Structures are given as C-alpha cells and as structure tokens.
Amino acid sequence: MISTLITRVSDQLPLCASIDDDDLELKEQKQQSKLIIRRLNSQSEPKCTISSGNYNLHYLLVDDICILTITEKSYPQKLIFNYLDELKKEFFNLHANQFINKPYQFQSFELFIQKTTRLFEQPRQFTQLNSELQDVTQIMNKNISDLLWRGDNLDRMSSLSSNLRDESLKYKRAAKKVNFDALIRKYTPIGVIVLLLFIIIYYKLN
C-alpha cells in the first residue's frame, strides 16, 4: 500500500490520510483519487478497483465513508480488500458516532493505518495472508480514463437536460404570452363596441 485516504463522500471532506513520501507520479495518483471520490454517490459500487497507469486505486465505500488506497498493480486484489476491511472495522469502531466538523479530524487513526500496512507488507507473511484470507467477491474493475470520461459525459448530459428543461419552460411562457396577446387583439374591438353601446343606452335612458 503506497498511500491511503479516508474521506466523507457527501462533501469530499478528508478525515485521515497516510503520511507518504510524495514523488511526482504519486501526486498525480492522489489527484486521480480525489477525482474518483468526487464521482462517488449512494449509487456507486461499494467495492471497486480502478486501473491508473502503473498503479491500481482501490476503494471501499460504506455509509458515506470512502477508504481508498493506492497500490502497485502487482499487489493481489483480495489482500487489498481485506486490508481495507480491517481499516473499515477499526475506523467505524472508533469513530462511527462522532460528529465531524473539520478536515483530518481523525488523523490520529493514521497510526493504525501504518501498523496495518506493515502487517500486510511483511514478506514472510505475504504468501500466508494471500492463501488464507477469503476471496473478495463482487468487486467492480474499471479503468481511470473510462471512469472519468463517463463521469464527464454524465455531467454534460445532466447539464444538457437542465438546459433543455429551462428552454422548455421559456417556450411555454412565450407561448402563453402569445396566446394571451392574441386573445386581447381578438376581443378588444368587441369589448370597445359593447362599452360604447352601454354608454349610449345609459345616456338615452337618462
């Protein structure tokens, strides 16, 4: 595990992040991670692996909390999701009912991230962990470019739909105004004639 981030999805508020030695490539992957989190919502896949260049980005989504980690592509997927599951259980055990009001409010949890990362990266235990941990099922696999391209198009479709609704409302208002103006033009002469007749009759009777 190269880098791990825990975020509240609804407002993309970072709650805890591993302390890493950032190089340029890792910084780019962290930016990709933020873009992915921005795309998440209640309808998103709860478990997903996203291919991004020489890395994989894996996330676990539970109750508006996203736990995301960046790994090399060679790292086994089932180990990753067992790692994320360990973080999830401990994080919710400690912080499930706490009010969140500031970024990195649970940065102290980074110590547990470090310990768990070391456990899953120990070479002597790697083979044993890989064989003993249960397989992870129903994990969605995506490519970062496909994911972000699809997200951009969904945004465009949403914008287009909104624009169409606005134009439709404008058209309806314009149509109502045209119909109203037509009624005025049609019945105004009749109204004037009726009014004149009423005035003439009134004066004759008086």
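pLDDT is the predictor's confidence in each residue, running from 0 to 100. What you're looking at is a predicted model, where local features need a pLDDT of at least 70, side-chain atom pairs count only at 80 or more, and totals for chains, interfaces and linings use all residues. Residues are numbered from 1 along each chain as its sequence is written, and side-chain values use heavy atoms, with hydrogens and water left out.

**Confidence**

The chain's average pLDDT is 79, and 71% of the residues score at least 70. Residues 152-158 are another matter: their pLDDT is below 50, and beyond near neighbours in sequence this stretch has two contacts in the model (a contact means heavy atoms within 4.5 Å).

**Cysteines**

A disulfide is a covalent bond between the sulfur atoms of two cysteines; here the term is used for a pair of cysteine sulfur atoms within 2.5 Å. The structure has zero of them. (Buried means under 20% relative accessible area, exposed over 50% and partly exposed in between, using a 1.4 Å probe and protein chains only.)

**Aromatic pairs**

Rings of Phe, Tyr and Trp (its six-membered ring) pair if their centres lie within 6.5 Å; planes under 30 degrees apart count as stacked, over 60 as edge-to-face and the rest as tilted.

| Pair | Centre to centre | Angle between planes | Geometry |
|---|---|---|---|
| Tyr 83 and Phe 120 | 5.7 Å | 75° | edge-to-face |
| Phe 91 and Phe 109 | 5.3 Å | 80° | edge-to-face |

Tyr 83 sits in helix α2 (residues 77-95) and Phe 120 in helix α3 (residues 110-121), so their pair ties together parts that are 37 residues apart in sequence. (Helices are DSSP runs of H or I with at least four residues, strands are runs of E with at least two, and both are numbered from the N terminus.) Tyr 83 is buried at 0% relative accessibility, and Phe 120 is buried at 4%.

Phe 91 is also in helix α2, while Phe 109 lies in the loop between α2 and α3, so this pair ties together parts that are 18 residues apart in sequence. Both Phe 91 and Phe 109 are buried. They belong to one aromatic cluster together with Phe 92, Phe 106 and Phe 112.
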